[in-house]
Amino acid sequence: MTMPQREPMTELPAGREPTLRVMPSPADVNYTGDIFGGWIMSQVDIAGGILAIRRAGGRAATVAVNSFAFKQPVFVGDIVSLYAQIVRVGHTSVTVEVEVYAQRYFSENVIVKVTEATLTYVAVDDERRPRPLPPLSSESMPRASVPA
């Protein structure tokens, strides 16, 4: 009989608010009973998109998933917190890093980092063509991307 491995516990990022917080449901599981990776990927894209849209001052499209690493499984009942921050700004593009943590089984004490990803978004106009990002203002700078 093998003993279950202990997960590497961590803490939620100090001094930062999550960009998105969700709880997966039984409809989100794969055939092994874990949360489907595609569900996690969509949540990461939503969290990154929130910052990209705010920085772009309007419509932004996902153009690349630069990196995506699943570190631990996510389970039904976990509280999933996604922390996003802008790591690069170009003429039309915004690159966002997203870290995903799970609070296990309604526990305040068991927290694990489950995913990390980097995505690139491009600001687009009404015809969905790339457009320049607007100048940075206090309103366009997302709170979640500013280090505390």
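I take two strands as paired if DSSP finds at least two bridges between them. Strands (E, at least two residues) are DSSP runs, numbered from the N terminus.

I am working with a predicted model, in which local features need pLDDT of at least 70 and side-chain atom pairs count only at pLDDT 80 or more, while totals for chains, interfaces and linings use all residues. Residues are numbered from 1 along each chain as its sequence is written, and side-chain values use heavy atoms, with hydrogens and water left out.

**Entry: sheet**

I looked up E2 and found that it pairs with strand E5 (residues 111–123) in the antiparallel sense, over nine bridges. Within this pairing, Ala-61 has Val-122 of E5 as its bridge partner. I then traced the open sheet of five strands, whose order is E1-E3-E4-E5-E2 with antiparallel pairing. Strand E1 (20–22) and strand E2 (60–70) are the edge strands, each pairing on one side only.

**Entry: strand E4**

I noted that E4 (residues 93–103) has ten of its eleven residues buried (under 20% relative accessible area, 1.4 Å probe, protein chains only). E4 pairs antiparallel with E5 over eleven bridges; there, Glu-97 is bridged to Thr-118.

**Entry: Ser-81**

I located Ser-81 in strand E3 (residues 79–89); its bridge partner in E4 is Tyr-101. Ser-81 is buried, with a relative accessible area of 0%. I found a polar contact of 2.8 Å between the side chains of Ser-81 and Arg-21 (a pair of N or O atoms within 3.5 Å; within protein, one must be able to donate a hydrogen and the other to accept it, and residues adjacent in sequence count only if both atoms are side-chain atoms).

Definitions and conventions: Helix = DSSP H or I, 4+ residues; strand = E, 2+ residues; numbered from the N terminus. Buried < 20%, exposed > 50% of the residue type's maximum accessible area, 1.4 Å probe, protein only.
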